[in-house]
Amino acid sequence: MNLKIVLLQLLPEENPDARWNKGREACIKAKEMGADIALFPEMWSDGYALPQDETKLRELAVSAEGEFVCAFRDLAKSLQMAVGITFLERHTPKPLNSMILFDRNGENCLHYSKVHTCDFDAERVLSSGKEFYVADLDIGRDVIRVGAMICFDREFPESARVLMLKGAEVILSPNACPMEINRLSALRTRAFENMVAIATCNYPAGQPDCNGHSTVFDGVAWLRDKPGSRDMCILETPEQEGIYLAEIDMDRLREYRAQEVWGSKYRHPDAYRLLTVR
């Protein structure tokens, strides 16, 4: 069974209504392409705008139950396609950088807020999420164990490790930064060491400090009936704005996870206690 993920590598419009309309049209196109999941780049609700003024920031934040987010809930239901919508979430004491994955029935399948906020930079004005979550996503033909991490989360091995330990098969990763060899290598490593597929959706060139290069790594480093290793990167987009499809062979990934030695099989957690000490 192939899981079809469409990455919506889009430039944000200047106002929420225009962003909603552009996102809606992109989701319709994703459905026409056969997508099971359509994924937005990081904080689509405001195009990753982070004013440092508290009043202006709060004006941009939207509720998880508000009109903007619920419009994508209804869209997911009408299209019968899962939608990963990202937004600056209204929250006290400070807003959150969040993603909700609505399933094909419009149900809130997964609600995640970025744990590793960039507190050394503009995200110092945000609160951080407290936990990583995994959920069962029913796509009709199968049920996929899906988790999420957002941008800077990927640079901490613990993020993907915890998701794998919770059973994630596929990790969705909204993004807003320049994707270069080292960040791409980190994603490849997270996929390899955890035997998970990772789909990352970035903003295209033209968005400040972004350059496209959204990727999907399928988590399968080699096949037993073929010599040598294989490239786990099954999609790397160009810099340009676009709507890009990747297909993850879930049967192959599950067989590989059952046979190979990474993930949780040979860990020694007692030796890792220092990891839980600040």
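How far does the backbone nitrogen of Val220 lie from a polar atom of the side chain of Asp218? In this predicted model, the separation between these two atoms is 3.1 Å.

**The sheet**

Six strands build an open sheet with mixed pairing, arranged in the order E6-E7-E8-E9-E10-E11. Its edges are formed by strand E6 (134–138) and strand E11 (233–236), each of which pairs on one side only. From one strand to the next, the twist averages 20°. Strands of a sheet pair through backbone hydrogen bonds, either parallel or antiparallel. Strand E9 (residues 197–201) and strand E10 (residues 215–217) run antiparallel and are joined by 3 bridges. Thr200 has Thr215, in E10, as its bridge partner.

**Two loop residues**

Asp218 belongs to the loop between E10 and E11, while Cys118 belongs to the loop between strand E5 (108–113) and E6. Their relative accessible areas are listed below.

| Residue | Relative accessible area |
|---|---|
| Cys118 | 12% |
| Asp218 | 2% |

Cys118 counts as buried because its value of 12% falls under the 20% limit. Asp218, at 2%, is therefore buried as well.

The side chain of Asp218 also makes a polar contact with the side chain of Arg230, at 3.0 Å. Leaving aside residues up to four places away in sequence, Asp218 touches several residues, including Val196, Ala197, Met232, Ile234 and Leu253.

Cys118 and Ser128 stand 10 residues apart in sequence, and their C-alpha atoms are 9.4 Å apart in space.

Technical notes. Residues numbered from 1 in each chain as written. Predicted model: local features only at pLDDT ≥ 70, side-chain atom pairs only at ≥ 80, totals over all residues. Heavy atoms only, no water. Pairing = 2+ DSSP bridges. Helix = DSSP H or I, 4+ residues; strand = E, 2+ residues; numbered from the N terminus. Axes fitted to C-alpha atoms, helices over the stretch in contact; angles between N-to-C directions. Buried < 20%, exposed > 50% of the residue type's maximum accessible area, 1.4 Å probe, protein only. Polar contact = N/O pair within 3.5 Å; in protein donor to acceptor, adjacent residues only side chain to side chain. Contact = heavy atoms within 4.5 Å.
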